[in-house]
Amino acid sequence: MIENSATSPLGALRYDVAPESASLAHLRKSYGLFIDGDFTPPESHEQFETINPATGETLATVALADTADVDRAVASARRAYERVWSSTPGTERAKYLYRIARLIQERSRELAVVETLDNGKPIRESRDVDVPLAAAHFFYYAGWADKLEHAGFGAHPRPLGVAGQIIPWNFPLLMAAWKLAPALAAGNTCVLKPAETTPLSALVLAEILQQAGLPEGVVNIITGDATTGAALVEHPGVDKIAFTGSTEVGRLIQERVAATSKRLTLELGGKGANIVFEDAPIDEVIEGIIDGIFFNQGHVCCAGSRLLVQESVADEVLRRLLRRVDQLRVGDPMDKNTDVGAINSLAQLERIRELTDWGEREGATRYTSACALPDKGLWFAPTVFSDVAQSHRIAREEIFGPVLSVLTFRTPEEAVTKANNSKYGLACGVWSEKGSRTLWVAQRLRAGVIWANTYNKFDPTSPFGGVRESGFGREGGRHGLEAYLDV
Amino acid sequence: MSERLEVNKTFKLVVKGAFVRSESGRSYEVRDAAGGFLANVAQASRKDLRDAVVAARAAQGAWWDASAYNRGQVLYRWAEMAESRRDELVDLVGAVEGHKKKDALGHVGRAIDRIVWYAGWTDKVAQVLGGANPVAGPFFNFSQPGPCGVVGVIAPQESSLEGFVNCVAAPLCVGNAVVAVASEQRPTPALALAEMSVTSDFPPGVLNVLSGFGAELMGQLASHGDVDGIDLSGSGDAADELARVAADSIKRVYRERSNDVENPLRRLRTFVETTTVWHTIGQ
């Protein structure tokens, strides 16, 4: 039996393991492509394995969609758009989405287990964040389906047609919900391509769509790799591409669709600044910093990966932060007490290692939690770099892992300048008890989302998305409809 | 073998999430469209109405404090409950309104869909009716819609279910508590739907529904000092007088007028208050 331990002013706290049961996942051995309302074998006849990053075990095999499969999926979506969905009244579309939301709620425990097994994120997060937010997203957009004329885009806003949607591995189910719910509410049909390393929750969602009685072809879910995504992007039958992922891939996609009539929205990388002023309540600040960078192993595009602390409180904040980092419980994602789970893939782990090595090489001071890591699986201990300069790679590049870079500032102007010194502009945090200053800073930050005295908060009613190289378009809220309407 | 005898239902008032007979002990007969006996229903007194207002006032705070998402879930739950008892509603609407089954089904379906429509409004009203205001100065200024408080509803006399739903769901979805007087001669569909609300996670007292005589209850509702708004849809010829009475406590009044442009949001907006917040911006 493995015991997690943590030290606190009260001494060592020990936790018994509290594992969730993997058998709740009810996974099939292999999955086909969800096209035209059914799981079908791929034309490519190729399958690939999806593994549990915490153990290295194979969870299931899934189909690899090739260009012929993408053709089939797009054709199915087109048929469904023309024959059924575009003439289905908003009231009826709404009720399908409400059904999907309810079914996600009903199968939430199963979905949380599937998500954690496939992704490596702590079960506490998939259970309390990913799955409930996915259901809430469908609920919210269900309510828009029959109210589009009130959304501020004109009296009769029209859908775009067939949407090709490519989502990342960090929040697999939630990103599927973010993509599908507004698209369907607006009256589009969809071809969704989940990430190569995390296809399973989307396939459970496909079962849910069947249970909801969603007409065949309205949503098609095709698993595969980068070639699948590329085929979808380039398919002439697709009217819109929505992509969430790296800036590198987003740039390629923008280039590929540049000379076409396809609409595009991109939600890309980030290097979020979490700005702490000297008057901020330190206890809450520490928790906010922790949540900002170690939530979901730091596999979060809007992670607060750059901490900007006012000089006068920098020493105290850093001291208390490192003490708190030591208390993070790293390990089995299925343990309900785990704070930081597994790194999703070897490729990602190598990327994190490369950048942290650069952090040391360029002269930053590294602190890594002394926590014990499991023998097998993919892990990276929570790490904090101090003495970071703006020119360091770890201050400029998205690490997408549990690694925080700490910088300091003296004045609000300097905080703003440093925060904006990034090609990205997705999210920032501001910590201060002085509301007027928070708003002053918020007005000057070049970011799509700004959290004040909190971090990593998400809600279906709240628009999310970036500026500059963090992408364009918003997901969530009334604004999220625009991405799927011909307006 | 003799046929099984059916168990007839006693319709009661729905106040504070409970089913009560009138404190007055009175009841009256409800007849079907052909004049046949359908049921005895409680005949609410002015005291029952005042009790309902007290219950509504007590419940309104918790209803508004719940998240908009939560209110939407509760309203949607109400639609689920109504759908699962749709046949009962179809029978009741068919009986009191004199419809064939197919038409009654249409009325009930539209009533349920209307609840769903309003369920979706709970977390969208702020985005459509509220917003940031770019004032000329270093201020962050935003306006947020909220409920006006306790809303009295005199439900339409003809449309026993659809009309009732339109009148109560609009104020409910934006966080008001409601005291509704059902159609006088056709109260049973509304009372049944109110029963279903009790199993839909509404805080008790958020929706109170009375059956009784309009002549006795309407004036009390319009003049009640702790009622913030009133929907006079079912008040017929008494509407002008009731609107004058409502002026005494500066009630928000919803009336259907013959020259109205059809706007499904007008009722909802009538029972919304806008609060504007100014916040300084500066270092």
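Me: Are helix 8 and helix 9 of chain B roughly parallel or roughly antiparallel to each other?
Reply: This is a predicted model, to begin with. Helix 8 of chain B (residues 214–223) packs on helix 9 of chain B (residues 239–246) at about 30°, axes 7 Å apart. Helix 8 and helix 9 of chain B are therefore roughly parallel.

Me: Which residues make that contact?
Reply: From helix 8 of chain B, B:M218, B:G219, B:A222 and B:S223; from helix 9 of chain B, B:L242, B:V245 and B:A246. By class, that contact has 5 nonpolar, 2 polar and no charged residues.

Me: And the crossing of helix 8 and helix 9 of chain B, left-handed or right-handed?
Reply: Right-handed.

Me: What about helix 3 and helix 7 of chain B, at what angle do they pack?
Reply: About 160°, with the axes 8 Å apart. That makes helix 3 of chain B roughly antiparallel to helix 7 of chain B. By class, their contact has 8 nonpolar, 1 polar and 1 charged residues.

Me: Switching to the interface. How many residues of chain B are in contact with chain A?
Reply: 23 residues of chain B, against 29 of chain A. The two chains bury about 2,300 Å² between them, 58% of it on carbon and sulfur atoms.

Me: Which three residues supply more of the area chain B buries than any other three?
Reply: B:K124, B:Q127 and B:Q283, with 29% of the area that chain B buries against chain A.

Me: How many salt bridges between chain B and chain A?
Reply: The count is 2. B:D113 and A:K95 meet in a salt bridge through their side chains, 2.8 Å from N to O.

Note on methods
Residues are numbered from 1 along each chain as its sequence is written. Chains are lettered from A and ligands numbered from 1 in the order in which they are written. This is a predicted model: local features need pLDDT of at least 70, side-chain atom pairs count only at pLDDT 80 or more; totals for chains, interfaces and linings use all residues. Side-chain values use heavy atoms; hydrogens and water are left out. Axes are lines fitted to C-alpha atoms, for helices over the stretch in contact, and angles run from 0 to 180 degrees between N-to-C directions. Helices (H or I, at least four residues) and strands (E, at least two) are DSSP runs, numbered from the N terminus. Angles under 35 degrees count as roughly parallel, over 145 as roughly antiparallel, 65 to 115 as roughly perpendicular and the rest as oblique. Ala, Val, Leu, Ile, Met, Phe, Trp, Tyr, Cys and Pro count as nonpolar, Asp, Glu, Lys and Arg as charged, and the others, Gly among them, as polar. A crossing is left-handed if the near helix is turned anticlockwise from the far one by less than a right angle, and right-handed if clockwise. Contact means heavy atoms within 4.5 Å. Buried area is the accessible area (1.4 Å probe) that two parts lose on being put together, summed over both. A salt bridge is a side-chain nitrogen of Lys or Arg within 4 Å of a carboxyl oxygen of Asp or Glu.
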